[in-house]
Amino acid sequence: MTRPTGRALRLTVLVGENDTWHHRPLYTEIVHRAHAAGLAGASVFRGVEGFGASSVVHTSRLLSLSEDLPVAVVIVDAEDRVRAFLPRLDGLLGDGLATLDPCEIVRPAPREETP
């Protein structure tokens with residue numbers, strides 16, 4: 001599979017780390033669906049603080065008892081491939097949020113070997 005370069009679309013899905021789908025983390029389900037769809041890549045990022053639809057602030061600060069930190073799943077590929085993937089999120093997100101942003105994929109020259 002060749003990796004795309006040039007104009008692309010970034011899909012960011014924001015969920016809580018405790019959100020699940022059939023007894024496994026929701027972010028894992030999203031990544032596996034993206035992989036099965038043949039998308040170029042997906043990464044999961046855990047937030048240290050945030051709030052969403054519930055308006056409850058979740059934080060990782062030591063004195064806080066809050067859990068369920070925010071998680072962002074970021075997927076980047078050609079626009080048509082990302083848009084074709086969107087129906088695979090139907091029924092998954094609940095209070096989660098998905099955003100789309102245009103972006104550009106760059107591939108710097110390979111790193112030279114040092115003798």
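Among contacts in the protein between residues at least 6 apart in sequence, what percentage join residues at least 24 apart? The answer is 76%, with contact meaning heavy atoms within 4.5 Å.

A word on what you are viewing: this is a predicted model, in which local features need pLDDT of at least 70, side-chain atom pairs count only at pLDDT 80 or more, and totals for chains, interfaces and linings use all residues. Residues are numbered from 1 along each chain as its sequence is written, and side-chain values use heavy atoms, leaving out hydrogens and water.

Start with a cartoon view. You will find two helices and eight strands, in the order β-β-β-α-β-β-β-β-α-β from the N terminus; these are DSSP runs (helices H or I, at least four residues; strands E, at least two), numbered from the N terminus.

Next, select residues 70–77, strand β7. Six of its eight residues are buried, so β7 is largely enclosed by the rest of the structure; buried means under 20% relative accessible area (1.4 Å probe, protein chains only).

Strand β1 (residues 6–16) runs antiparallel to β7 through eight bridges, with T12 opposite V74. Strand β4 (residues 42–46) is also antiparallel to β7, joined by five bridges, and here R46 faces V71.

Finish by showing the side chain of I75. Among the residues that I75 touches are L9, L11, I30, A34 and F85, not counting residues up to four places away in sequence.

Technical notes:
Buried means under 20% relative accessible area, exposed over 50%, partly exposed in between (1.4 Å probe, protein chains only). Two strands pair if DSSP finds at least two bridges between them.
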